[in-house]
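Dear colleague,

I am handing over a structure that you have not worked with before, and I would be grateful if you could look it over alongside the notes that follow.

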Amino acid sequence: MPMDPLPDLAALSLADIARLAEERKLPPVERWNPTHCGDSEMRIARDGTWFHQGSPIGRQAMVRLFSTILRREADGSYVLVTPVEKLDIAVEDVPFVAVEMKTEGEGREARMAFRLNTGDLVTAGAEHPLRFEEREDGPRPYLHVRGGLEALVARPVYYDLAAMALASDDVPPGVWSSGIFFALEPTE
């Protein structure tokens, strides 16, 4: 069965985005606890590229499908899980990348939605917080996606967030989404 094409984020309102995110039913991976079966021989690179046996997975529909059965374990590792098998998958940083952002409103009334490299839509807020981490190569913004899975906010999107924060009067600089303030300072 072919996957639905990705909607055009620019043509959607944030209400449309929230509805689409709510309608997307993901498998209940948190309830599946099969015996560990081995290694998937898959890796998710820092830039969000998925690899199998060292080669990039070229079919985006396959990446989207695999992303729906991805789970983070209590020990911080990642697995692909079905009702009958569980396979390790290597993740260089986090499994997703937020590649596009749409905003509506200003200040405390603002809302921000992000499209991930897998096509998922996530609206930042209490259930999907943004956090910022300072690294040797500069700040790294992350968005909580689900079940301990995060998305690295792509550099161009981060620059848009920083511009929004610097244009506001908030101290420390930050952004609002869904009534929650996210300071651009690193979290402890």
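**Findings**

Strands β8 and β9 run antiparallel and are joined by 3 bridges, where strands are DSSP runs of E of at least two residues and helices are DSSP runs of H or I of at least four, both numbered from the N terminus, and where two strands are said to pair if DSSP finds at least two bridges between them. In this pairing, Phe114 stands opposite Val122 in β9.

Before going further, please note that this is a predicted model, in which local features need pLDDT of at least 70 and side-chain atom pairs count only at pLDDT 80 or more, whereas totals for chains, interfaces and linings use all residues. Residues are numbered from 1 along each chain as its sequence is written, and side-chain values use heavy atoms, with hydrogens and water left out.

**The chain as a whole**

The chain holds 3 helices and 14 strands, and 42% of its 188 residues are buried, a word that stands for under 20% relative accessible area, with exposed meaning over 50% and partly exposed in between (1.4 Å probe, protein chains only). If one takes the contacts (heavy atoms within 4.5 Å) between residues at least 6 apart in sequence, 54% of them join residues at least 24 apart.

**The sheet that contains β8 and β9**

The open sheet to which these two strands belong has 6 strands in the order β9-β8-β7-β12-β11-β10, with mixed pairing. Its edges are β9 (121-123) and β10 (130-135), and because each has a single partner strand, one side of each is left without a neighbour in the sheet. From one strand to the next the twist averages 40°, with angles running from 0 to 180 degrees between N-to-C directions and axes taken as lines fitted to C-alpha atoms, for helices over the stretch in contact. Helix α3 lies across β7 (96-104), β8, β10, β11 (138-146) and β12 (149-153), and it runs at about 35° to β7.

Within β8 (residues 111-116) sits Met112, which counts as buried because its relative accessibility is 0%. The C-alpha atom of Met112 is separated by 5.6 Å from that of Ser177, although the two residues are 65 apart along the chain.

**The other six-strand sheet**

A further open sheet of 6 strands has the order β3-β2-β1-β6-β5-β4, also with mixed pairing, and its edge strands are β3 (55-56) and β4 (70-72), each of which pairs on one side only. Helix α2 (residues 60-67) packs on this sheet, where it touches β1 (36-44), β2 (50-52), β4 and β5, and its direction makes about 95° with that of β2. Strand β4 pairs with β5 (residues 78-81) in the antiparallel sense over 3 bridges, and Tyr78 in β5 is the bridge partner of Arg72.

The loop between β4 and β5 contains Glu73, which counts as buried because its relative accessibility is 18%. Leaving aside neighbours within four places in sequence, Glu73 is in contact with Val79 and Lys86.

Strands β13 (residues 174-177) and β14 (residues 180-183) pair in the antiparallel sense over 4 bridges, with Gly174 opposite Ala183 in β14. They form a hairpin with 2 residues between them, and Ser178 in the turn has a positive phi of about 55°. Ser178 counts as partly exposed because its relative accessibility is 37%. In the loop between α3 (155-167) and β13 lies Pro172, which is joined to Val171 by a cis peptide bond with omega of about 0°.

**A pocket**

The second largest pocket has a volume of about 180 Å³. On a 1 Å grid over the protein atoms alone, a pocket is an open set of points where a 1.4 Å probe fits, with protein on both sides within 12 Å along at least five of seven lines, and lining residues have an atom within 4 Å of a point; grid points are joined across faces, edges and corners, and the volume is the space filled by probe spheres set on them. The lining includes Leu26, Pro27, Arg72 and Leu149, and β4 gives the most to it, with 3 residues.

Kind regards
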